[in-house]
Amino acid sequence: MHNKEYRPTLAQLRTFVTVAENKHFGTAAAKLEISQPSLSQGLVALEQGLGVQLIERSTRKVIVTSAGETLLPYAKSTLEAADTFLAHARGAHGTLSGPLTIGVIPTIAPYILPDLLAMITETYPELEPRFVEEQTQHLIARLRNGNLDLAILALPSEATGMVDSSLYTEDFAIVSPPDHPIAGRTDVQVAELRDLDLLLLDDGPCLRDQVVDLCRHAHVNPAEATNSVTRASSLTTIMQLVMGGLGCTLVPKSALATECHGKNLGVAYFAPDVTAEREVGLVFRSSAARSEEFREFGTLITAAYENALARSLEG
């Protein structure tokens with residue numbers, strides 16, 4: 001029976017949300033760093049107080065009831081509002097402080113994080129940044145579940161319920177063996193990609209999709225331009241393959257200093273009138289109460305990228 005005087009605690013709501021997201025009591029308890037009996041007790045107390053069954057339990061699986069599915073977004077919004085309240089209470093108005101979990105894709109993280117971390121320390125001394133490096137689809141899922149506050153991705157995210165905030169546009173460069181005819185050129189046309197044996201990241205990373213789209217927009221068949229057999233899961237590995245003479249690859253310009261420094265590689269650039277680029281930006285939930293602060297935080301990300309780009313061009 002519903003208790004009209006009952007008010008759920010934040011801990012109980014967080015228990016419900018974590019169980020609903022993970023569909024597993026053991027996993028939820030581990031994430032909340034509590035024992036499984038304590039987690040079960042908290043969920044039972046919530047259901048009894050509300051007079052509603054939120055989770056169906058069985059020996060094989062955990063099912064969120066229809067009532068639970070209806071109430072889940074409100075529980076998430078309540079927790080997000082509480083987290084925002086605490087973040088504002090910890091610091092001055094309009095200043096980011098406290099924990100902030102940031103997702104970054106692997107083709108951005110290694111090149112901007114050294115400068116970004118230094119800038120965060122100087123600009124937001126009360127901020128406690130936490131970084132998660134994963135592929136785009138996993139970061140979007142974490143944003144939806146409330147496990148991330150914002151993410152640094154290639155745009156557009158095309159994710160419902162999210163806001164895309166553009167930060168910068170980054171050109172691609174071509175990395176080749178040093179004796180390749182394309183090495184050192186600054187007037188490459190996209191159509192010439194069909195004459196290269198392009199090495200791409202394995203399926204999943206958005207950089208691979210961007211290169212494939214670039215080929216298609218130039219009416220170049222990706223199957224003709226790419227090495228469909230040899231693949232790698234990181235740019236660092238691909239650079240080793242290029243050094244071994246297995247082909248060429250496209251990389252964001254900000255990656256050149258890190259990935260090419262001290263290596264026997266050639267670099268070529270597209271002609272000034274060629275559009276071969278990616279747009280990078282912040283993605284966060286449209287319900288986020290700190291959207292303006294996130295956009296202000298984005299200026300640091302842009303500055304970190306510009307530093308990485310400057311090092312690459314100097315090299």
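**A tour of the pockets and cores**

By class, 13 nonpolar, eleven polar and 13 charged residues make up the lining of the largest pocket. The model on screen is a predicted one.

Begin by selecting α4 (66–90), the element that supplies the largest share of this lining, eleven residues.

Next, select α7 (206–217), which gives six residues, the largest share, to the lining of the second largest pocket. This pocket holds about 510 Å³ of space. Of its 20 lining residues, Leu 155, Pro 156, Cys 206, Gln 210 and Asp 213 are the closest to the centre. Alongside α7, the elements α6, β5 and β11 each give two or more residues to this lining. Its composition is seven nonpolar, seven polar and six charged residues.

Now turn to the largest nonpolar core, which has 42 residues; select Ile 112, Ile 152, Phe 297 and Ile 301, the members that touch the most others. Among the elements that give two or more residues to this core are α5 (109–123), β4 (127–133), β6 (162–176) and α11 (291–314). The greatest contribution, seven residues, is that of α11.

Centre the view on Ile 301: leaving aside residues up to four places away in sequence, Ile 301 touches Ile 112, Leu 116, Ile 152, Leu 167, Tyr 168 and Leu 282. Finally, select Phe 172, Val 212, Met 239 and Val 251, which are among the 37 residues of another core, apart from the largest one.

Technical notes: Residues numbered from 1 in each chain as written. Predicted model: local features only at pLDDT ≥ 70, side-chain atom pairs only at ≥ 80, totals over all residues. Heavy atoms only, no water. Core = buried A, V, L, I, M, F, W, Y, C linked by side-chain atoms within 4.5 Å. Buried < 20%, exposed > 50% of the residue type's maximum accessible area, 1.4 Å probe, protein only. Helix = DSSP H or I, 4+ residues; strand = E, 2+ residues; numbered from the N terminus. Contact = heavy atoms within 4.5 Å. Nonpolar A, V, L, I, M, F, W, Y, C, P; charged D, E, K, R; others polar. 1 Å grid on protein atoms, 1.4 Å probe; cavity = no way out; pocket = protein on both sides within 12 Å on 5 of 7 lines; lining within 4 Å. Points joined across faces, edges and corners; volume = space filled by probe spheres on them.
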